[in-house]
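Work through the following exercises with the sequence and the coordinates at hand. Try each task before reading its solution.

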Amino acid sequence: MSTAYSRGTDRRTGGGDRLPRAVLWDMDGTIVDTEPAWVAAETALAHRHGAEWTEADGLSLVGNSLLTSARYIRERMGLDLSPDEIVEELLDGVVASVADSVPWRPGARELLEELHERGVPCALVTMSYERLVAPILAHLPEGTFDVVITGDRVTHGKPHPEPYLTAAAALGRDAADCVAIEDSATGATSAETAGCTVLVVQNHVAVPPGPRRVFRDSLAELTSADLAGLHSELS
């Protein structure tokens with residue numbers, strides 16, 4: 001399900017600088033802006049089957065597990081396909097899109113690099129499947145993520161807390177000591193319910209306030225110390 005991390009606090013640098021205990025990252029919409037590719041794949045699927053689909057339909061699925069989205073698509077489009085078949089057709093389109101160019105979100109790679117250099121354990125917690133995750137991770141330095149949790153490796157996807165609880169446990173951390181970075185209400189609910197402090201950077205969809213949510217406009221110029229300080233902003 002995941003790979004255990006091998007870096008510990010003994011490799012952290014910076015003396016008394018504050019560092020987060022661990023950072024748990026969403027992928028789609030947070031690290032990479034793949035949401036337009038998902039909507040395009042859904043629209044192409046609808047066209048192939050003579051069905052209707054709108055951008056609003058696509059954005060309503062942001063953050064969901066792929067099978068949850070596929071069940072909605074099946075009913076909305078009236079498709080004679082199983083949810084698994086729908087997921088595979090969508091992944092074909094999105095994987096082809098990122099193979100041409102990875103649409104990085106502002107500041108994401110820089111923050112990942114700093115956390116890696118400082119020895120802060122990081123996990124990827126995504127509802128995308130491994131075959132989409134792999135080509136994106138191939139563009140990052142080896143070991144950027146100590147743990148990778150994908151949607152095809154959990155029983156309950158977001159908004160259930162299982163993905164974030166699984167990631168925190170694999171890192172040897174309590175979820176309450178982790179910062180999760182999310183862009184959707186569904187993902188924020190998953191991380192918040194798990195007990196994480198959630199840094200929300202809204203992208204294509206609005207995310208309502210929550211008791212464990214802190215908002216920023218961008219990841220650009222954020223540092224590991226900024227993430228460590230988020231706990232103090234919770235009311």
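The exercises below treat a cavity, a pocket and a strand in turn.

The model is predicted, with local features requiring pLDDT of at least 70 and side-chain atom pairs counting only at pLDDT 80 or more, while totals for chains, interfaces and linings use all residues. Residues are numbered from 1 along each chain as its sequence is written, and side-chain values use heavy atoms, with hydrogens and water left out.

**Exercise 1.** Determine which residues and elements line the largest cavity.

Solution. Begin with the definition: on a 1 Å grid over the protein atoms alone, a cavity is a set of points where a 1.4 Å probe fits but cannot get out, and lining residues have an atom within 4 Å of a point. Grid points are joined across faces, edges and corners, and a volume is the space filled by probe spheres set on the points. The count by this rule is 1 cavity of 30 Å³ or more, and the volume of the largest cavity is about 220 Å³. Its lining consists of 20 residues, those nearest the centre being Glu 35, Trp 38, Leu 61, Gly 63 and Asn 64. Helix 1 (35-48) and helix 3 (66-77) are the elements that contribute two or more residues to this lining, helices being DSSP runs of H or I with at least four residues and strands runs of E with at least two, numbered from the N terminus. Helix 1 gives the largest share, 4 residues.

**Exercise 2.** Describe the second largest pocket by volume and by the residues closest to its centre.

Solution. A pocket is an open set with protein on both sides within 12 Å along at least five of seven lines.

**Exercise 3.** Is strand 4 buried or exposed, and which strands pair with it?

Solution. Take burial first: with buried meaning under 20% relative accessible area (1.4 Å probe, protein chains only), 5 of the 5 residues of strand 4 (residues 178-182) are buried. Cys 178, Ala 180 and Glu 182 lie on one side, with Val 179 and Ile 181 on the other, so both faces are covered. Pairing, which requires at least two DSSP bridges between two strands, joins strand 4 in parallel to strand 1 (residues 22-25) through 4 bridges, with Leu 24 partnered by Ala 180. Strand 4 also pairs in the parallel sense with strand 5 (residues 197-200) over 4 bridges, where Ile 181 stands opposite Leu 199.

Note on methods. Buried < 20%, exposed > 50% of the residue type's maximum accessible area, 1.4 Å probe, protein only.
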